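Subject: Handover of a structure and a summary of its features

Dear colleague,

Please find below the structure that I am handing over to you.

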2 protein chains.
Amino acid sequence: MTMQQFDVLTIGNAIVDVIAKVNEAFVVRENLVKGSMNLIDEARAEQLYSHMGPATEISGGSAGNTAAGVASFGGLAAYIGKVKDDQLGGIYAHDMKSIGVHFGTAKASDGAATARSFILVTPDGERTMNTYLGACVNLTTADVADDVVQAAKVTYMEGYLYDKPEAKAAFRHAAKVARAAGNLTSITLSDSFCVERHRDDFLDLIRSSIDIVFANESEIKSLYKTDNFDGAAAAIMRDCRLAVLTRSHKGSLVVRGDERVIVPAHPVEKVIDVTGAGDLFAAGFLFGHTRGLPLRQSASLGSLAAAEIISHTGARPEVNLLKLAHDNGLI
Amino acid sequence: MTMQQFDVLTIGNAIVDVIAKVNEAFVVRENLVKGSMNLIDEARAEQLYSHMGPATEISGGSAGNTAAGVASFGGLAAYIGKVKDDQLGGIYAHDMKSIGVHFGTAKASDGAATARSFILVTPDGERTMNTYLGACVNLTTADVADDVVQAAKVTYMEGYLYDKPEAKAAFRHAAKVARAAGNLTSITLSDSFCVERHRDDFLDLIRSSIDIVFANESEIKSLYKTDNFDGAAAAIMRDCRLAVLTRSHKGSLVVRGDERVIVPAHPVEKVIDVTGAGDLFAAGFLFGHTRGLPLRQSASLGSLAAAEIISHTGARPEVNLLKLAHDNGLI
């Protein structure tokens with residue numbers, strides 16, 4: 001049996017988002033930093049949940065959102081991530097498979113439950129994430145299906161997952177298999193605290209094994225310990241082939257060798273929930289890039305997908321992104 | 001310990017809604033009647049789920065939605081319904097308690113899983129529901145907490161639940177306890193197929209034990225086997241003290257003895273998902289009625305709450321209904 005070919009394989013923390021609206025006072029009362037991503041243990045998860053208002057559950061996870069975005073553009077996507085064999089794990093798998101994303105990672109039969117992220121959305125659309133990783137953290141090299149990596153034009157990995165030694169080993173293994181097959185490797189830095197904790201490991205991984213780096217402004221500054229965005233953009237060019245740097249409403253900068261492509265943010269009527277903006281930018285860019293489109297067009301697809309996702313609650317597209325791209329004259 | 005007083009106690013099927021957008025072709029392909037509510041078994045639930053697209057999970061259940069609506073108006077609400085001690089059951093209980101609804105029904109420790117309703121929303125906003133009742137059907141008289149019934153100004157029961165002999169017995173018990181305490185009893189007919197199946201039992205229950213009946217046009221016509229709405233409205237007056245009849249965009253009719261109050265539907269910019277319209281109408285009406293407001297004002301609160309719920313996906317209010325009522329000059 002020949003493995004199907006994929007445009008994009010993403011690897012990350014398989015997380016169900018538990019989204020609730022909160023006011024600013026709630027964020028203060030719970031001692032949270034607005035806009036941050038916090039890792040929490042089971043006891044804190046239960047405590048926070050008991051303080052939160054009613055919520056909506058929807059599949060999420062940074063790299064999972066990216067895979068969903070690629071599929072919505074009509075790209076062939078695969079996903080590797082760890083859930084438990086419980087109700088939320090079943091929901092996660094359903095949501096992936098139902099949009100045509102290949103998802104074959106074995107579910108854990110015991111141990112911690114499927115991961116949840118309590119996403120608290122303030123009236124300004126900002127999201128403060130509190131993630132209980134649960135079953136996620138048990139992703140190891142054994143879960144990296146070599147045949148899927150070999151069949152994917154690009155393997156994209158989520159920095160959030162790059163925390164435990166086993167996951168780091170899984171990343172290095174995936175990158176090695178991808179490169180040996182002549183495929184591209186990619187990583188998103190995910191979070192500036194993530195970068196703080198693992199700066200040297202990230203730099204080492206990027207220099208040795210990564211072709212395309214995704215980062216937002218604070219992440220790339222953190223990686224090079226600088227306050228100068230242009231300096232950071234110059235630095236990343238010495239360390240990888242292609243970098244995609246997103247700057248929220250200021251748009252994005254794509255750098256490749258001496259090339260510099262600046263693309264504005266796609267206009268949004270009202271920002272409802274910024275969750276998934278970076279994930280969907282990556283989806284649009286990777287879809288375009290793996291289809292051989294120019295950098296500017298690929299980044300514009302990223303901007304469009306990011307704009308769609310922040311105009312509603314939840315980090316999975318609510319419309320067909322390929323049709324949206326057609327309607328906007330981008331494809 | 002004295003039990004807290006409640007404005008409204010609702011009793012019904014505790015169901016997690018699994019909401020997905022579908023096109024008209026999907027409804028046809030799955031042999032569904034658009035706009036209907038179908039009871040499905042576990043095998044069909046799994047089959048349908050595997051055919052459906054990605055979904056959002058949110059607590060639902062007709063009477064549960066009504067309790068949530070009463071709480072959103074600032075009313076004191078309680079709920080009785082059966083979930084299992086699983087992840088979805090935990091979500092259901094959280095969502096109730098987090099909005100201040102008293103929910104003390106013991107969770108089932110074994111047997112069928114927490115109920116799910118696959119709600120397929122077509123582009124016109126219509127919803128076709130496919131409900132796997134799971135743990136729901138095991139609600140019995142033992143789950144009807146007498147002290148909660150005695151503490152509630154009105155006990156409102158959902159016709160959907162009025163199917164198995166044990167649930168029918170639970171309804172009769174709740175009505176008896178409520179009346180003995182000098183409180184009001186209420187029922188919603190829920191669904192015309194529901195009425196078809198149990199017409200004589202419904203009529204018998206209403207005549208012997210119910211003060212306030214809620215029904216939409218097709219349900220009240222079905223109850224009296226007539227095509228004449230006015231005739232059905234006259235008939236229900238002979239069988240109960242107060243009837244609240246909803247007619248979708250045509251508004252509602254409240255009848256009490258010789259009184260007839262006609263209230264228009266509250267205008268809606270765009271209908272997104274009609275799920276929960278009747279449930280929230282009941283919430284607004286019961287909140288007003290138990291606070292001693294006139295029939296017209298109570299029905300207007302119902303119209304307002306129904307309009308809020310159909311203007312977004314999901315059957316739980318997304319805004320504070322008390323504030324919305326203030327902003328609309330209704331309170």
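The notes below describe the chains, the contact between them, and a few selected elements.

**Conventions and confidence**

This is a predicted model, in which local features need pLDDT of at least 70 and side-chain atom pairs count only at pLDDT 80 or more, whereas totals for chains, interfaces and linings use all residues. Residues are numbered from 1 along each chain as its sequence is written, and chains are lettered from A and ligands numbered from 1 in the order in which they are written.

The pLDDT is the predictor's confidence in each residue, on a scale from 0 to 100. Chain A has an average pLDDT of 96, and 99% of its residues score at least 70. For the complex, the predictor gives an ipTM of 0.91 and a pTM of 0.94.

**Chain A as a whole**

Chain A contains 12 helices and 14 strands. Here helices (H or I, at least four residues) and strands (E, at least two) are DSSP runs, numbered from the N terminus. Along the principal axes, the C-alpha atoms of chain A fill a box of roughly 50 × 45 × 40 Å. The radius of gyration is taken over C-alpha atoms, and the globule rule is 2.2 Å times the number of residues to the power 0.38. For 331 residues, a compact globule would have a radius of gyration near 20 Å, and the 18 Å of chain A agrees with this.

A residue is called buried if 20 or more other C-beta atoms lie within 10 Å of its own, exposed if 12 or fewer do, and partly exposed in between, with C-beta atoms placed from the backbone. Of the 331 residues in chain A, 54% are buried. Two residues are in contact if their C-beta atoms, placed from the backbone, lie within 7 Å. Among contacts in chain A between residues at least 6 apart in sequence, 75% join residues at least 24 apart.

Is Asn23(A) buried or exposed? Asn23(A) is exposed, as 12 other C-beta atoms lie within 10 Å. Its place is in the loop between strand 2 (15-21) and helix 1 (24-29) of chain A. Leaving aside neighbours within four places in sequence, Asn23(A) is in contact with Thr122(A) and Pro123(A).

**Where the two chains meet**

In the contact between the chains, 19 residues of chain B touch 19 residues of chain A. Strand 4 (56-59) and helix 4 of chain B each supply at least two residues of the side of chain B that touches chain A. Helix 4 of chain B gives the most to that side, with 5 residues.

Strand 4 (residues 56-59) of chain A and strand 4 of chain B run antiparallel and are joined by 2 bridges; two strands pair if DSSP finds at least two bridges between them. Glu57(A) has Glu57(B) as its bridge partner.

Copies are superposed by least squares on the C-alpha atoms of residues with pLDDT of at least 70 in both. A rotation of 180° with 0.0 Å of shift along its axis superposes chain B on chain A, with an RMSD of 0.0 Å. The two copies are therefore related as by a two-fold rotation axis. In chain B, the C-alpha nearest the axis belongs to Glu57(B), 2.4 Å from it.

Helix 4 (residues 87-97) of chain B is also largely enclosed by the rest of the structure, because 8 of its 11 residues are buried. Among them are Leu88(B), Ile91(B), Tyr92(B) and Met96(B).

**Strands of chain B**

Strand 5 (residues 77-80) of chain B is covered on both faces: Ala77(B) and Tyr79(B) are buried on one side, and Ala78(B) and Ile80(B) on the other. Strand 5 pairs in the parallel sense with strand 1 (residues 6-11) of chain B over 4 bridges, where Val8(B) stands opposite Ala77(B). Strand 5 also pairs in the parallel sense with strand 6 (residues 102-103) of chain B, over 2 bridges.

Strand 13 (residues 252-256) of chain B is mostly covered, with 4 of its 5 residues buried. Strand 13 pairs in the antiparallel sense with strand 12 (residues 242-246) of chain B over 4 bridges, and with strand 14 (residues 259-263) of chain B over 5 bridges. Strands 13 and 14 of chain B form a hairpin with 2 residues between them, and Gly257(B) in the turn has a positive phi of about 55°.

Yours sincerely,

A colleague
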